[in-house]
Amino acid sequence: MGETLRRTPLFAWHQRSGARLVDFAGWEMPVQFSGVIDEHNAVRTQAGLFDVSHMGELMVTGAGAQDFLQRMTPNDCSKLVDGQAHYSALLEEDGTFIDDLLVYRRGEDRFLLVVNASNCARDLAWLDDHRSADVVLEDQSDSYGLLALQGPRAAEILTDLGPAELADLRYYRFTELDFGFGDSIVSRTGYTGEDGFEVYVPAEHAESLWTALLETGESKGLKPAGLGARDTLRLEAGMLLSGQDMGGDTTPIEVGLDWIVKLKKGDFVGRDALVAQKRGGVKRCMIAFELDGRRPARPGSTIVDEGLEVGRVTSGTWSPSLERPIGLALVETGEERAWTPGEEIEVSVRGKSCHGVVVELPFVRKS
């Protein structure tokens, strides 16, 4: 017998709606409702609503909370103000990824960490092993439903239910309020490259909010969207996927996330290794590419140079917006290959050689 899959507070709604459900990181999640391309295009032109309640929420409180997170993450938590979030990571001592995450400052000694579902237990154990007595760590994942309302009409739809001031919320800022669905956190964040919001709502109110948003947004083109569209959207926006584009043996510097590494802030886990890597130079880097034809390069496909494998594809898909295959790859660096935009590459896709070109990120800019 296989392990029982976990379910979000919206599982019953998804099942009733006829969504195609799949195993994702141990959760039974909707991969699509009306179809990946239809949902993708809705987010790019109108709006889409995603159930991302599988994500983990860890509360860090206590007098030592900020100092603890300064030590455990590479970004600079001291620069956050109440009501602000930033993107960061948990790293091993050798600078490689444990997980990427969001850090929300809810008060001087109160922080919310939003982590990936597949890594939640590992992240919690890692943090617990390193915390001091003046830090309280609590897993609140089961308390929340998390809804992501994304697209150019997201603000219009959300303010039909909540206060008009939500439309003025700045990027990577959040507010805490009850607009009829219990005490919630509304943040202007997302994983699609479009404008949008993520709403952390008490789990018992998640279906009520989901239904209300779909009813309110129906006339504005809002559609429920699944993990399939979430993946094509995030890749078009050049956003990395934990455990696929990064993780295991990669560091933030290798995958182009230098900007979350604040070496000048002081010591943190993995700092020494990253300093050494900066000084010595990376031996590999992340590139973005587009391919000719219609065959996408899936993760694991190889980048070939004069018959030799010089890298591997970490993410690849058919881009509904560009109508061509796109992807990310981790490749070897060297004096002979600069991997600059416009440079031609060869990708081996299921044994067939495909011509491509290196491009700049993002593949698609916000509508």
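**Close-up 1. Trp339 in the loop between strand 17 and strand 18 (344–349) of the predicted model.** Although Trp339 is not a glycine, its phi is positive, at about 55 degrees. Most residues other than glycine have a negative phi. With a relative accessibility of 7%, which is under the 20% limit, Trp339 counts as buried.

**Close-up 2. Arg350 in the loop between strand 18 and strand 19.** Arg350, again not a glycine, has a positive phi of about 50 degrees. Its relative accessibility is 61%, and Arg350 therefore counts as exposed, the cut-off for that class being over 50%.

**Close-up 3. The cis peptide bond from Leu361 to Pro362.** Omega for this bond is near -5 degrees, and Pro362 belongs to the segment that comes after strand 19 (352–359). Most peptide bonds are trans.

**Close-up 4. Phe363 and the largest nonpolar core.** This core holds 42 residues, of which Tyr104, Val255, Leu257 and Phe363 touch the most other members. Two or more residues come from each of strand 5 (84–91), strand 6 (97–107), strand 7 (110–115), strand 9 (144–150), helix 7, strand 14 (284–291) and strand 17, and strand 5 contributes the most, with four residues. When neighbours within four places in sequence are left aside, the contacts of Phe363 are Leu235, Glu236, Ala288, Phe289, Glu290, Leu322, Ile326, Gly327 and Leu328.

Close-up 5. Helix 7 is followed by Gly238, which has a positive phi near 75 degrees.

**Close-up 6. The packing of helix 2 against helix 7.** The two helices pack at an angle of about 50 degrees, with their axes 8 Å apart, and are therefore oblique to each other; their crossing is right-handed. Helix 2 makes the contact through Val36, Glu39, His40, Val43 and Arg44, and helix 7 through Gly228, Ala229, Thr232, Leu233 and Glu236. Sorted by class, the residues of this contact are four nonpolar, three polar and three charged.

Definitions and conventions. Residues numbered from 1 in each chain as written. Predicted model: local features only at pLDDT ≥ 70, side-chain atom pairs only at ≥ 80, totals over all residues. Heavy atoms only, no water. Axes fitted to C-alpha atoms, helices over the stretch in contact; angles between N-to-C directions. Parallel < 35°, antiparallel > 145°, perpendicular 65-115°, else oblique. Left-handed = near helix turned anticlockwise from the far one by under 90°. Contact = heavy atoms within 4.5 Å. Nonpolar A, V, L, I, M, F, W, Y, C, P; charged D, E, K, R; others polar. Core = buried A, V, L, I, M, F, W, Y, C linked by side-chain atoms within 4.5 Å. Buried < 20%, exposed > 50% of the residue type's maximum accessible area, 1.4 Å probe, protein only.
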